[in-house]
Amino acid sequence: MAPPGDFSAYCRPVGGGKRDAPFGGGGGAGNDDEDNKAELKRRCIDYHTPAVLDLTSRLYRKPNRRMHAVPGGSGSAGYPYLQCHTAYLKWMGLPAGTGAGGDVIASEAFLTYCAHVTRAKNSNPVMCLSWTPGGRRLLTGNQEGEFTLWDGVNFSFELIMSAHDQSFRSMAWSHNQNYLLTSDSGGNIKYWSPSIAPVQSLDSHDGAAVHALSFSPQDTKFVSCGDDATVRVWDWAGHREERTLEGHGWDVKCVQWHPRSSVICSGSKDNLVKLWDPRTGGCLSTLYGHKNTVTKVAWNDNGNWLLTSSRDQLIKMYDIRAMRELCSLKGHHKEVTSIAWHPVYETVFASGGMDGTLIYWNVGPKGSEEPASKIPYAHDMAIWDMKWHPAGHLLATGSNDRQTKFWARNRPGTKQGLDDDGVEGADGGTAEILHAEMELGNHVGIVIGRRGATIIAMQRQTKTKMHVDQIRRVLQIEGTARQIETVKKRVGALLERVSTNEAEGRGFGGGGFGGF
C-alpha cells in the first residue's frame, strides 16, 4: 500500500515489471529477452490510497463536511477545494468518506469512465454478476453455467469453472457474507462457500427457470421466483421449501426481500408488482403501475422506497409507507433490464437497458426526474445485470455482448467517458438524433457479419445504433447527422469493395469491417 502522502497509484495504468507486480499482476520477466518485449499495460483502480486518506482525515473532519467543501490552509483544515486539474487527484477520497454529508457529488456518484472491458476466451453472454465480500473480486455467471472470477483492482482474469449444467439466472450473497446462492434456467439452486466450493444443491420450481434469489434480513430464509408463476420461501439450514406464494398469472421475473422487515416484493410477466407476507403467505398489496413485463425490483437501503422497472421503458419509485407512486422515470428507449441502488448515496441508482444504454439517476429532493448522466453506448447489447462495488467507486455491468465492463470516476480535469464527439451541436447544445436507412441489396449477410461481429464493431466505432431489416434488405441507422454520414461512407466502401471482388471473380476476401 502506498504511503498516505503518495497517491500516484490511484487510477493509473501499471506495467508488467517486478516493481508493479503487486498492482498489475503483470509478472516481471527477469531476463533480457523478455524485458525487451512490449510491457503489458493493465488498468488499475487502486482504492487503498483513497481509503487511507479517509481514515487519516476522519479524526479531524466534521461529520457533515466533505472534502469538496473543506477550505485549504494548514492545521486540521488542510484540504484544498477539489478543482478541475489532475494535481487534485491525490485529494480524491472514496464515496464512503466524501458522501457522509448527504448531498450527492456528481463527480463521485456518476461513474462515466470505462476503466476496463473484460472478455474471457470462448466467452458467452454474461447473465449475472456479484462482488465477493469486501469487493476484492468480481464473480460473473454466463450462459453456459460457468463462474468467471476477475480481480477487482487490476481487472485481470483469475478463474473459470463449471457451476451449473444450464444457463445462469441469478446469484445472491447472504447478509453475513458466509454463503452464496446461485440459480439456473433448469430450476436448480446451489449453495456455495466464500471460496466458491459447492455446499448443497436443490431442485425447485418444477424444473422452470429460477430468475431471482434473495435472503431474509436474518439469513435464516431465502426466497426464489421462477417461470412456474410462483414465489417460494425456503428454510436455509433445513434445505427445504416452507411456503409457496401463488397469485401471479404468469412467469415471475424478479423478487427481493425487504432489507429489514418480513415483506417480499415480486414482479411478473403479468405486469403486476406484488407485496407478500412470508409468514402467512398472503398478498399484502398489488401495484398496477406498469403496462408490460416487470423486469426488476429493488428496495432502497432505507426500507421505504421501492424501485420497479419494466419492458414498457419506465422506472417507477414507490413509497411503501403511503403505498403511492413517487415518480415515473423516462429515459430509456428500450426495455429496462437492470437497476441497482448506490451503496453510499441514498438517492442515486443506475439502470441498464436492452439497447446497452447505461443511465444514472438522482431522485432525491435536490435531484430530478431527468437522467443525471447517460452513456448511450455502454454495451452493444442488453445489460442483464449490474452491481456497485461496496465502496461505491466502481460499477460492474454484464451484458449479452459477452463483455463485463468496469465503470469508474473521472479524474479531476478530465472528460474521459463523457466524449460526445458528434453528439453536441455547433452551439454547444445537444444534437438532434436522426433516423436513416441505407439499401444493402444482396449483401445483407456481409454487413451483419459472423454472429453479428461486423455490425457490432461498426456500432462501437461510430457510436450509433443500427439494425438490419432482412426482409426489406435495408440498414436502419439511429444517430446524429455526422454519425449517420460516417456510417454511410463506411458501409458504402464495404459494399463497393465486395462488388469489386465479385466482379473480378475472387469473391469476398473476408476483410469485413476490420479493413477500415
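Buried means under 20% relative accessible area. The legends below apply that cut-off to a predicted model.

**Figure 1. Leu129 is a buried residue of strand S4.** Strand S4 covers residues 126–131 and contains Leu129. Leu129 has 0% relative accessibility, so the residue counts as buried. Its contacts beyond four places in sequence include Leu138, Leu139 and Thr140. Met171 touches Leu129 too. Further along the chain, Asp385, Met386 and Lys387 also make contact with Leu129. Ala396, Thr397, Gly398 and Thr404 are among the partners of Leu129 as well. Thr148 is 19 residues from Leu129 in sequence. The C-alpha atoms of Leu129 and Thr148 are 9.2 Å apart.

**Figure 2. The largest cavity has 13 lining residues.** The volume of this cavity is about 90 Å³. Ala120, Val126, Thr148, Trp150 and Arg402 are the lining residues nearest its centre. Strand S5 (137–142) provides at least two residues of the lining. Strand S6 (146–151) likewise provides at least two. By class, the lining of the largest cavity counts eight polar, three nonpolar and two charged residues. A search of the whole structure gives three cavities of 30 Å³ or more.

**Figure 3. Tyr377 and His379 are among the residues lining the second largest cavity.** This cavity has a volume of about 40 Å³. Asp380, Gln459 and Arg460 also belong to the lining of the second largest cavity. Thr464 and Lys465 complete that list. The lining of the second largest cavity splits into three charged, three polar and one nonpolar residue.

**Figure 4. Helix H7 is largely enclosed by the rest of the structure.** Helix H7 spans residues 453–462. Seven of its ten residues are buried, which is why H7 is described as largely enclosed. The buried set is Thr454, Ile455, Ile456, Ala457, Met458, Gln459 and Thr462. These buried residues pack against two helices, H6 (444–448) and H8 (481–503). They also pack against strands S32 (465–469) and S33 (474–479). Gln459, one of the buried residues of H7, also lines the second largest cavity. Just after H7, Lys463 adopts a positive phi of about 60 degrees.

**Figure 5. Strands S16, S17, S18 and S19 form an open antiparallel sheet.** The order of the four strands is S16-S17-S18-S19. Strands S16 (252–257) and S19 (282–287) are the edges, and each pairs on one side only. On average, neighbouring strands of this sheet are turned by 25 degrees against each other, direction ignored. Inside the sheet, S17 (residues 264–268) and S18 (residues 273–277) run antiparallel and are joined by four bridges. Ser266 has Lys274 of S18 as its bridge partner.

**Figure 6. Ser204 is a buried loop residue.** The loop holding Ser204 runs between strand S11 (198–203) and strand S12 (210–215). The relative accessible area of Ser204 is 5%, so this serine counts as buried. Beyond four places in sequence, Ser204 touches Gly187, Ile189, Val210 and Trp234.

**Figure 7. The whole chain has eight helices and 33 strands.** The chain has 516 residues, and 51% of them are buried. Take the contacts between residues at least 6 apart in sequence: 49% join residues at least 24 apart.

Methods
Residues numbered from 1 in each chain as written. Predicted model: local features only at pLDDT ≥ 70, side-chain atom pairs only at ≥ 80, totals over all residues. Heavy atoms only, no water. Pairing = 2+ DSSP bridges. Axes fitted to C-alpha atoms, helices over the stretch in contact; angles between N-to-C directions. 1 Å grid on protein atoms, 1.4 Å probe; cavity = no way out; pocket = protein on both sides within 12 Å on 5 of 7 lines; lining within 4 Å. Points joined across faces, edges and corners; volume = space filled by probe spheres on them. Nonpolar A, V, L, I, M, F, W, Y, C, P; charged D, E, K, R; others polar. Buried < 20%, exposed > 50% of the residue type's maximum accessible area, 1.4 Å probe, protein only. Contact = heavy atoms within 4.5 Å.
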